[in-house]
Amino acid sequence: APRATRPAPRPAPRSARAAHVRSPRAVWRRRRGLMLRLGLGVAALFLLALDLIPDRYAAETAILLPAAPVDGAAPTTTAAEIRRLTAPALLERVSDALRLETIEEFAAPGDPLRADAALGAALGAVARAALGWTPQVETPDAPDARRARAAMRLAARVSAAPLGPGDGVALRVEAAEPGIAALIANSWADL
């Protein structure tokens, strides 16, 4: 006679909470494609943001102070020399002597060394291209407005600090191109 077999016993039902808890390895196996795509997307956005941040170059020059006063004049303090070197009148002279208003970096309405301005310009260009909008035509500025903007932008990119006790002043200039930064820093010694 054939022998009847009993089915294997069923495991006891797990609680509802235990059914939803999975090991990290199981989650990784099921969702690895999604996680890899998400990670690659975040990395691509990070690299794009790094590419949009403009480069900054700095040039530094040292202006030495005389050790003894010349012709009985009062000795020059480092603080007074720093105020003189960063005075608006001297900044305008340097800007005019180098014709910084002709360099787009110093005369443009938006500052190209600011990351938010560069990112905004890039996103605006992408949005205009995607939507088919034509860019706005910029009206030319008056020469005085460009000169004033160049001098103001130069003031924001120049910093001065004492070299040592009574030795001189270290003047630092930042620009988008290393040659322009060096030219501006070196021009201070000539004026």
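Reader: Is Ser 95 buried or exposed, and what is its relative accessible area?

Author: Ser 95 is buried, with a relative accessible area of 1%, where buried means under 20%, exposed over 50% and partly exposed in between, for a 1.4 Å probe and protein chains only. This is a predicted model, in which local features need pLDDT of at least 70 and side-chain atom pairs count only at pLDDT 80 or more, while totals for chains, interfaces and linings use all residues. Residues are numbered from 1 along each chain as its sequence is written, and side-chain values use heavy atoms, with hydrogens and water left out.

Reader: Which residues does Ser 95 touch, not counting those up to four places away in sequence?

Author: Contact means heavy atoms within 4.5 Å. Ser 95, which lies in helix 4, touches Leu 100, Glu 101, Arg 147, Ala 150, Ala 151 and Leu 154 under that sequence limit. Helices here are DSSP runs of H or I with at least four residues, strands are runs of E with at least two, and both are numbered from the N terminus.

Reader: How should I read the packing of helix 4 and helix 8?

Author: Two packed helices are described by the angle between their axes and the distance between the axes. The axes of helix 4 (residues 88-98) and helix 8 (residues 178-190) come within 10 Å and cross at roughly 120 degrees; axes are lines fitted to C-alpha atoms, for helices over the stretch in contact, and angles run from 0 to 180 degrees between N-to-C directions. Helix 4 is therefore oblique to helix 8, given that angles under 35 degrees count as roughly parallel, over 145 as roughly antiparallel, 65 to 115 as roughly perpendicular and the rest as oblique. On the helix 4 side the contact is made by Leu 90, Leu 91, Val 94 and Leu 98, and on the helix 8 side by Leu 183, Ile 184, Ser 187 and Trp 188.

Reader: In what order do the strands of the open sheet run?

Author: Two strands pair if DSSP finds at least two bridges between them. Here 3 strands form an open sheet in the order 1-3-2, with antiparallel pairing. The edge strands, each pairing on one side only, are strand 1 (57-64) and strand 2 (158-164). Helix 8 packs on this sheet, touching strand 1, strand 2 and strand 3.
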